[in-house]
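Work through these exercises with the model open beside you. Try each task before you read its solution.

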Amino acid sequence: MTELHEQWPRYEVFIKSRNGLEHKHSSSLHATDGQHALLLARDVYTRRQEGNSLWVVAASDVSQNGAAPVAGTSETPRQFEVFLRLKPGLDHKHIGSVDACDAAAALRSAETAFGQYPAGSLWVLPSASVLTSEAVWSEPFFDAMADKTYRLPTFYQLPAAVNNM
């Protein structure tokens, strides 16, 4: 039997919190296609109303500094989204966009614009490959989760005998 990671492509998930200004990397997931990844990401990462916007992108489209960039060159410049991780262990956060003909040029432009960082700290991905939860989907896409009550520890009443836990 083939492993799951060999059957379905991996997608990177970026979420914008309700109070946040930028999207940040949440995790990765495997899905059949981008729309499936977007639906899975909604179910996994926004079930407790953590965010109001999702981006998913195929992991194969993400280039990072210190690694070989993703192939694909065009004659005309394309827009690339730039994500930065300030310290190991923190999330990559969206810091802006650059225009470039390929991923290697986008990484160079990002390093020029935002500074030099250790390998793996800077990610660029083509804007065209990002699937987003559109603003028009916001209400049906995210508000449905507000109706679901989850069994969080705050839902349980402690007996008076153990009230000091």
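A residue counts as buried when its relative accessible area is under 20%. Keep in mind that this model is predicted.

**Exercise 1. Strand 3 and its partners**

Task: Find how many of the eight residues of strand 3 are buried, and say what follows for the strand. Then find which strands it pairs with.

Solution: 
- Step 1. Strand 3 covers residues 51–58.
- Step 2. Seven of its eight residues are buried, so strand 3 is largely enclosed by the rest of the structure.
- Step 3. Strand 1 (residues 10–17) runs antiparallel to strand 3, and seven bridges join them.
- Step 4. Strand 8 (residues 131–132) also runs antiparallel to strand 3, with two bridges.
- Step 5. Now take V56 in strand 3. V13 stands opposite V56. In strand 8, the bridge partner of V56 is L131.

**Exercise 2. A pair of rings**

Task: Classify the aromatic pair W55 and F83. Which parts of the chain does the pair link?

Solution: 
- Step 1. Ring centres must lie within 6.5 Å to pair. The centres of W55 and F83 are 6.2 Å apart.
- Step 2. Planes over 60 degrees apart count as edge-to-face. The planes here meet at 85°, so the pair is edge-to-face.
- Step 3. W55 sits in strand 3 and F83 in strand 5 (residues 78–84).
- Step 4. Widen the view. The structure holds three aromatic pairs. F14, W55, F83 and W123 form one aromatic cluster.

**Exercise 3. The span of a helix**

Task: Which of its residues are buried, and what do they pack against?

Solution: 
- Step 1. The buried residues are A103, A105, A106, L107, A110 and E111.
- Step 2. They pack against strand 4, strand 5, strand 6 and strand 7.
- Step 3. After helix 3 comes G115, with a positive phi near 105°.

**Exercise 4. A buried charge**

Task: Where is R85 found, and what is the nearest side chain of opposite charge?

Solution: 
- Step 1. R85 lies in the loop between strand 5 and strand 6.
- Step 2. R85 is buried. The nearest side chain of opposite charge is D91, 8.6 Å away.
- Step 3. A salt bridge needs the charged atoms within 4 Å. R85 has no salt bridge.
- Step 4. Leaving aside neighbours within four places in sequence, the contacts of R85 include H92, A119 and S121.

Key. Residues numbered from 1 in each chain as written. Predicted model: local features only at pLDDT ≥ 70, side-chain atom pairs only at ≥ 80, totals over all residues. Heavy atoms only, no water. Phe/Tyr/Trp six-rings, centres within 6.5 Å; stacked < 30°, edge-to-face > 60°. Helix = DSSP H or I, 4+ residues; strand = E, 2+ residues; numbered from the N terminus. Buried < 20%, exposed > 50% of the residue type's maximum accessible area, 1.4 Å probe, protein only. Pairing = 2+ DSSP bridges. Contact = heavy atoms within 4.5 Å. Lys, Arg positive; Asp, Glu negative; His and termini not counted.
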